[in-house]
Amino acid sequence: MTTTGTPSLLARAGARLLRARWLVRAPIWIYKARAGALFGSRMLMLEHVGRKSGLPRFVVLEVVGHPRPDTYIVPSGFGATAQWFRNIQANPRVRVFVRSRAPAAATARVLSEEEADAVLAEYQRRHPRAWQQFQHVLEQTLGDRPLPMVELRMAG
């Protein structure tokens, strides 16, 4: 991940907010109430299985790519150590909640670094203002580590 400039106060505050568990978990209840359409097409909720507990877990993620109708690409903003990311590596069978639709079964696949770089470059091209705002937040959360990305391919 290549960024330019210095992190602003806003970027540092954004990175701190993303670490506030209550804040990042709040959208889960909205998706569970089938009101995910409030977040538009750039967010989804992923249901995955805890690798140790075997229990269902949920996370709301930004969609950075939607190359085919049955495929979504999502980043792991906290890197390869994020719990959801580690869980999908242990068990790639997931369910995806998009907008207000019923959940759909899917398979998760971690993209290679080259694939992830290409997706990120396309995201930067399509959403330059959003990228300007969030590149420093990612830098604050990831440091020099690469931004892992996951392809979610719907079943059937």
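With which residue does R109 form a salt bridge, and how far apart are the closest N and O atoms? The partner is E151, and the closest N and O atoms of the two residues are 3.3 Å apart; a salt bridge here is a side-chain nitrogen of Lys or Arg within 4 Å of a carboxyl oxygen of Asp or Glu. This is a predicted model, in which local features need pLDDT of at least 70 and side-chain atom pairs count only at pLDDT 80 or more, while totals for chains, interfaces and linings use all residues. Residues are numbered from 1 along each chain as its sequence is written, and side-chain values use heavy atoms, with hydrogens and water left out.

The bridge between R109 and E151 links distant parts of the chain, since R109 belongs to strand β6 and E151 to strand β7, 42 residues apart. Helices (H or I, at least four residues) and strands (E, at least two) are DSSP runs, numbered from the N terminus. E151 counts as buried at 10% relative accessibility, whereas R109, at 35%, counts as partly exposed; buried means under 20% relative accessible area, exposed over 50%, and partly exposed in between, with a 1.4 Å probe and protein chains only. R109 also meets the side chain of E115 in a salt bridge of 3.2 Å, N to O, and E115 is partly exposed at 32% relative accessibility. Through shared partners, salt bridges join R68, R109, E115, E151 and R153 into one network.

Side chains of opposite charge can pair when their charged atoms come close. By the rule given above, the count comes to eight salt bridges, and another pair to look at is R42 with E62, whose side chains meet at 3.2 Å, N to O. R42 lies in the loop between α2 (21–32) and β1 and E62 in strand β2, so this pair ties together parts that are 20 residues apart in sequence. R42 is partly exposed at 30% relative accessibility, and E62 is partly exposed as well, at 24%.

We turn now to a helix. In α3, which spans residues 83–90, the residues W84, F85, N87 and I88 are buried. They cover an arc of only 160° around the axis, which puts them on the same side of α3; the arc is that of the directions from the helix axis to the C-beta atoms. An α-helix has 3.6 residues a turn, so residues three or four places apart point the same way. The buried residues of α3 pack against strands including β1 (43–49), β2 (56–62) and β6 (104–110), where contact means heavy atoms within 4.5 Å.
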